[in-house]
Structures are given as structure tokens and as C-alpha cells.
Amino acid sequence: MMLLLESLATFLASFLASFLIMPKVIEFSRRRGFVGRDVHKPNQPLIPEMGGLGILFGLLIGVIVYSVISLRLETWPIVFISCVLVAGAIGVWDYLVTLKGTIKTILTVIACIPLILGAILCPSEIVIGKPEAPFIGHMRFTLIYWVLLPFAIAAPANAVNMIDTFNGVMPVTSIFSVLGLFVASIMLGRWEAMFMCLILLGALLGFLPYNLYPSKVFASDVGSLAVGAAIGVIAVIGRLEIIGIVSLMPQIMNAFYVLASVRGLLERRQMKERPTIVLGDNVIAANKSEKAPMTLANLILSRGPLREPDLVKSYAMLSFFSFILSIITAYLMVIT
């Protein structure tokens with residue numbers, strides 16, 4: 001019963017904090033001139049950005065409420081929120097000065113430092129190097145895992161950032177990814193991961209109504225990098241790395257297409273042509289130019305143009321499929 005009450009209180013705190021702060025974030029962004037054009041609308045309206053600040057606020061309140069009601073002094077809440085805040089700070093920096101793609105990717109590696117420190121200082125609480133996989137069970141990596149650990153945060157952070165191109169697509173796809181980790185954490189008894197998932201789900205659901213079509217605010221890099229980093233931390237601390245990869249397949253596919261087509265790490269503002277073009281009545285079609293980068297949207301739109309909400313629904317269906325696969329993966333881990 002206590003676990004259920006802690007779970008509900010943590011989730012509600014994160015959700016309400018994110019949902020209630022968003023109007024103030026929107027007002028703040030508009031007043032400070034933090035706005036960007038919605039390029040997928042014919043008239044390209046100016047939309048307030050920096051909405052990710054509301055997500056960060058929800059995550060912070062969720063962690064604080066959990067720590068207060070649980071009456072437990074634990075390491076994971078500090079590691080979790082520290083990694084997220086560092087990633088969010090990098091997102092703010094990128095928004096203000098427009099970092100190059102390679103620089104931004106390298107900087108996101110820094111977000112892993114709190115996780116590394118937590119594992120070194122509290123190895124009994126933050127277990128590193130023991131991922132699990134179906135049919136194999138516990139795997140033990142020593143040096144190689146520590147080498148790859150920074151990419152466990154940087155990779156999902158940048159993958160989530162790269163998919164944030166349409167109204168609502170980042171929170172919708174991320175919610176399905178986190179739900180996969182949430183169900184898996186319950187099935188495998190990873191309670192720390194479960195609480196982190198609840199905190200992140202609450203913040204995303206609080207932000208979602210403001211970002212759905214027609215979007216009232218954009219998350220910008222501060223939100224997408226923070227959300228991706230949070231997913232990476234959950235996967236590592238919960239020893240759910242394989243499930244994290246499965247649940248993030250749409251984001252990973254999109255990142256792979258982009259990197260393969262542009263042959264490098266380029267900021268979207270550095271790309272000469274956009275991957276999609278806007279037709280009349282808010283209809284989006286794939287850009288067939290050879291200079292246009294390839295994205296998951298191009299693949300979806302290869303069958304024909306779609307309205308933006310319908311395109312995002314296609315993303316949601318792919319994410320739901322990954323969610324189901326992640327649950328199946330978790331089940332196979334339980335029975336083997």
C-alpha cells in the first residue's frame with residue numbers, strides 16, 4: 001500500500017507541476033523573445049519555445065516529493081535529476097548560441113558525469129556493468145561498459161532531440177518509450193526505475209496538451225535533450241539497457257536515417273534543405289530532393305502526403321509497436 005501511495009503522489013506531483021507551470025513558461029518565452037517559426041504551417045506562425053523548462057520543473061518537483069514522502073536517503077534521485085539538469089542546461093546553451101551538431105553531441109556526454117560519480121561513490125546503490133538480456137540473463141562487463149557508459153546518456157538524448165520536429169511527436173513517442181520501461185521495471189522488480197519512469201511520465205503528460213497540434217509551445221533542445229537523458233539514466237540504473245533500446249526504436253531509426261543521409265552530425269539549422277515540404281491545408285509531403293536529409297518522416301510519407309496530426313499518429317503507432325516489443329522483451333527476461 002505504501003508503495004502505491006508513494007507512486008501516485010510522485011506521479012501527480014510531477015504532472016501537476018509541469019502542467020501548471022507551462023502557461024508561465026509560455027508567457028516567459030514570448031516576453032523574452034524565445035520564439036521560433038512553426039515551419040510545418042503554411043503561414044509559419046511564431047511559437048514560444050523553451051517549453052522544456054516546464055518539463056524540467058516537473059521532474060525536479062517529482063524528485064523532491066518522492067524524497068520527502070519516502071523518508072529515505074537514496075542516491076538515485078540525486079543522480080537522476082543531476083543528469084537531467086545538466087542535459088537541460090546544455091539544451092539552453094544550444095538554444096541561445098546555436099552549437100554545431102558535433103559540439104552539442106560531445107557536450108551531452110557531460111550529462112553522464114553525475115551517473116559515473118554515483119556509481120563510484122555508491123556502488124551498492126548504482127550498479128554499473130551488469131546489464132541483462134533475454135535467454136542470456138545477467139551479463140558482466142567491466143572496462144567496456146565504463147567506456148560505453150557516456151553514450152548511454154548522450155545517444156538517447158540526441159535521438160530524442162532529433163525526432164522533435166512536429167507538433168507533439170517528442171512527448172508522444174517518449175511517453176510510449178517510458179511506458180515500456182515502466183512496465184518492464186514492475187515485471188522485473190526494479191523499483192528505482194519505476195519511480196523514475198513515473199516522474200518522467202508525469203512531466204511529459206503535463207507538457208503534452210501544450211505541445212499537441214496546433215502547438216502552443218515547443219520543447220526546444222532544453223526539453224528533448226533532458227527527456228532523452230532521463231530515459232538513458234532510467235535504463236542504466238534499472239539495468240534495463242536492452243529494453244531501453246527496444247522502446248526507443250523509432251527514435252533510433254530516425255537518428256540513423258539522418259546521420260546516414262547527411263554523413264555526419266549536423267544541426268538541423270545547418271541543413272540546406274528540409275526533409276519535408278508543406279503543401280496546402282497543413283499537408284506535409286516528403287522532400288524528394290537529393291540534398292534533403294532522410295528521416296523517419298520521409299519513410300512514413302513515402303506512401304503519400306499526410307496532415308501533421310496524422311503524421312504524428314503514425315509515429316505514435318510505431319512507438320506503440322516498440323512498447324509492445326519492450327514488454328515482450330521484459331517477459332522473456334523474466335522467464336529465462
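Is Asp 94 buried or exposed? Asp 94 is buried, with a relative accessible area of 0%. This is a predicted model. The chain holds 13 helices and 7 strands. Its radius of gyration is 19 Å, close to the 20 Å that the globule rule gives for 336 residues, so the chain is as compact as a globular protein of that length.

**Overall build**
- The C-alpha trace spans about 55 × 40 × 35 Å along its principal axes.
- Buried residues make up 55% of the 336 residues.
- Take the contacts with a separation of 6 or more: 75% of them come from residues 24 or more positions apart.
- The accessible surface comes to about 15,000 Å², and 70% of it belongs to carbon and sulfur atoms.

**A three-stranded sheet**
- Strands E5, E6 and E7 form an open sheet in the order E5-E6-E7, with antiparallel pairing.
- E5 (276–278) and E7 (306–307) stand at the edges, each with a single partner strand, so one side of each has no neighbour in the sheet.
- Strand E6 (residues 283–286) is joined to E7 by 2 bridges.
- Ile 284 stands opposite Leu 306 in E7.

**Salt bridges**
- Side chains of opposite charge can pair when their charged atoms come close.
- The structure holds 8 salt bridges.
- One of them joins Arg 72 to Glu 6, with the closest N and O atoms 3.2 Å apart.
- Arg 72 lies in the loop between helix H2 (52–70) and helix H3 (76–97), while Glu 6 is in helix H1, so this pair ties together parts that are 66 residues apart in sequence.
- Arg 72 is partly exposed at 38% relative accessibility, whereas Glu 6 is buried at 3%.
- Glu 6, Arg 72 and Glu 74 are linked in a network of salt bridges.
- Lys 104 and Asp 94 also meet in a salt bridge, at 3.4 Å from N to O.
- Lys 104 lies in helix H4 (residues 101–108) and Asp 94 in helix H3, so the pair ties together parts that are 10 residues apart in sequence.
- Lys 104 is buried, with a relative accessible area of 4%.

**Helix H1**
- Leu 4 is found in helix H1 (residues 2–32).
- Leu 4 belongs to a nonpolar surface patch. Its other members include Met 1, Leu 8 and Phe 19.
- Together, the residues of the patch have about 920 Å² of accessible area.
- Arg 31 forms a salt bridge with Glu 27, with the closest N and O atoms 3.6 Å apart.
- Arg 31 and Glu 27 are 4 residues apart in helix H1, about one helical turn.
- Arg 31 is exposed at 56% relative accessible area, and Glu 27 is partly exposed at 47%.

Methods
Residues numbered from 1 in each chain as written. Predicted model: local features only at pLDDT ≥ 70, side-chain atom pairs only at ≥ 80, totals over all residues. Heavy atoms only, no water. Patch = residues over 30% accessible without salt bridge, like charges linked within 9 Å, V, L, I, M, F, W, Y side chains within 5 Å. Areas by Shrake-Rupley, 256 points an atom, 1.4 Å probe, with all protein chains shown as cover. Salt bridge = Lys/Arg side-chain N within 4 Å of Asp/Glu carboxyl O. Rg over C-alpha atoms; globule rule 2.2 N^0.38 Å. Buried < 20%, exposed > 50% of the residue type's maximum accessible area, 1.4 Å probe, protein only. Contact = heavy atoms within 4.5 Å. Pairing = 2+ DSSP bridges.
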